[in-house]
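Biologist: I would like to learn how to read a helix and a strand in a model. Could you take me through them?

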Amino acid sequence: MDAQCSRHSVRYFMSDARHPRVICPEVHGNAMSECDLCMTIGPIVTLHRTPPTAMSRVWAMPPAPVLVFTRTTAYRHDSIPDGIAAFHALGAEHGFGVEATEDPEVLADGLGCCRAVVFLSTSGEVLTPRGREALRAYAESGGGFMGVHAAACTEYDWPYYGELLGARFTRHPELQPGLVTVEDHGHPATGHLGPVWPFTDEWYDFGASPRGSVRVLASADESSYDGGGMGADHPLVWCRDSGSTGGGRTFYTALGHSPEAYADPMFRQHLLGGLRYVMDSPEPGL
Ligand SMILES: [Zn+2]
C-alpha cells in the first residue's frame, strides 16, 4: 500500500504491521491512513494500491524520527546526556532518526512525525496544556510511548500520564547493585537477557504494582538489595499494547539512573528493544 500527501503530492509511506501511516516530509506531519485491520482513516491522505515490488522503493525512504524528551522541573539526572548519546548511537546503528529536546513547545506543536516518543528521566511537570493534548492525541491514535527511569516521576498532576505509563514512582533506596528477575523473555527488550540480570540502580518503588493492567517483563528481587519497599511483586519493566482500542504501545523501564548504564551493551539492547516494541517494528529504521 502506498499513499500520497494531498497537500504536497509526495508519495511517502511508512508502516507498522497494524497501523500504516502516511508521512509527508514537509513538516505538516503524518496521519493515520486507511488501515486494513482497524480501518482508521486520516484526513490528509489519499490512498493507492501498489504492487509488492514497489515496497522496496517505499522502504528506502527516510525513517520518521524518535523524539527524546528530557525536560526536568524537579530532580535532574546527571545521566541525561549519556542517555541522549545512547539513543543517538542506537539511531545511527539501526537507521532511524533521533531528535532530543528539552522544549515543551516541540511536543505542543504536535507529534505527527514521530513513531516513538521517549521520556528520558524527565521529572516534575514538564508539559504545557497544549503538550498534554498533543501527547494524548498521539498515544490514542497509535503512537508509541517509552518511559525511562524518572519518566515515572513526571506529570504527577496529570492523571492520564499515570495511566499511560502504568505506575507512579514513590521512593527509592540508595543506589546499589541488585538483581533483576526477567519474567518474560518473549519481548525484544528482554529476549537477550538471562533469567537473572545483575544491575546497579535505585530500584524504584511505585505506588502500586501495575501488574494486571500491563505486561510485566522484569521485576526487582528485593532479597538482592537493601531497602526494597514493595515486597514480592515489584515490577521494574513493563509494556502495554492498546492496539485493540486504536491506541499505541507503551514501554517503561525503571532502570537507567547512572551514566554508566547507557554505556552498557545489555542496557542499550534493552532500550533498543523497547523502541522496537513501541514502534511495532522488528527494526526501528523501517
Ligand atoms: Zn535516578
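Predicted model: local features only at pLDDT ≥ 70, side-chain atom pairs only at ≥ 80, totals over all residues.

**A helix and a strand**

Modeller: Gladly! Let's begin just after helix α2, where Gly 95 has a positive phi of about 80 degrees. Helices (H or I, at least four residues) and strands (E, at least two) are DSSP runs, numbered from the N terminus. Residues are numbered from 1 along each chain as its sequence is written.

Biologist: What is the mean pLDDT of the protein chain?

Modeller: The mean is 82, and 76% of the residues reach 70 or more. Over residues 4-63, however, pLDDT stays under 50.

Biologist: Which residues of α2 are buried?

Modeller: An α-helix has 3.6 residues a turn, so residues three or four places apart point the same way. In α2, Ile 80, Gly 83, Ala 86, Phe 87 and Gly 91 are buried (20 or more other C-beta atoms within 10 Å of the residue's own, with C-beta atoms placed from the backbone; exposed means 12 or fewer, partly exposed in between). The buried residues of α2 fall within an arc of 135 degrees seen down the axis (taking directions from the axis to the C-beta atoms), so they line one face. On the other side, Ala 92 and Glu 93 are exposed.

Biologist: Why is β9 described as largely enclosed?

Modeller: Because five of the five residues of β9 are buried. Gly 144, Met 146 and Val 148 point one way, and Phe 145 and Gly 147 the other.

Definitions and conventions
pLDDT = per-residue confidence, 0-100. Contact = placed C-beta atoms within 7 Å.
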